[in-house]
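Hi everyone, thanks for making time this morning. Let's bring the model up on the screen and walk through a few residues together.

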Amino acid sequence: MKTVKISLNSIDKVKAFVNEISKFDCDFDLVSGRYVIDAKSIMGIFSLDLSKPIDLNVHADGAALDTVMAIVDKYVTE
């Protein structure tokens, strides 16, 4: 598992993010405070506070993780 901070501060970013990660078989969780939601759920994402970066937990390893991180990298914040 790998955890990165991502920013989804617009509706278009949320839609693009969900469309891109939905292509993978591995699991993705978004963590904001005490809330953990499925990152493939648009409704779940909109229930979070998107004004600040949120943690993305990627449940993959090896080559699958490298492929996922290449896609997710454009949403990663410092």
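**A loop alanine, a core and a helix contact**

Let's start with A60, which sits in the loop between β4 (54-59) and α3 (62-72). Helices (H or I, at least four residues) and strands (E, at least two) are DSSP runs, numbered from the N terminus. Before going on: this is a predicted model, where local features need pLDDT of at least 70 and side-chain atom pairs count only at pLDDT 80 or more, while totals for chains, interfaces and linings use all residues. Residues are numbered from 1 along each chain as its sequence is written, and side-chain values use heavy atoms, with hydrogens and water left out.

So, is A60 buried or exposed? A60 is buried, because its relative accessible area is 10% (buried means under 20%, exposed over 50%, partly exposed in between, with a 1.4 Å probe and protein chains only). Beyond its neighbours within four places in sequence, A60 is in contact (heavy atoms within 4.5 Å) with M1, C26 and L65. I45 is 15 residues from A60 along the chain, and their C-alpha atoms are 20 Å apart.

Now the core. The largest nonpolar core has 25 residues, and I6, L8, F17, F28, L30, I45 and L56 touch the most other members. At least two residues of this core come from each of β1 (2-6), α1, β2 (27-32), β4 and α3. A nonpolar core here is a set of buried Ala, Val, Leu, Ile, Met, Phe, Trp, Tyr and Cys residues joined through side-chain atoms within 4.5 Å.

Last stop: E20, in helix α1 (residues 11-21). Leaving out neighbours within four places in sequence, E20 is in contact with I71, K74 and Y75.
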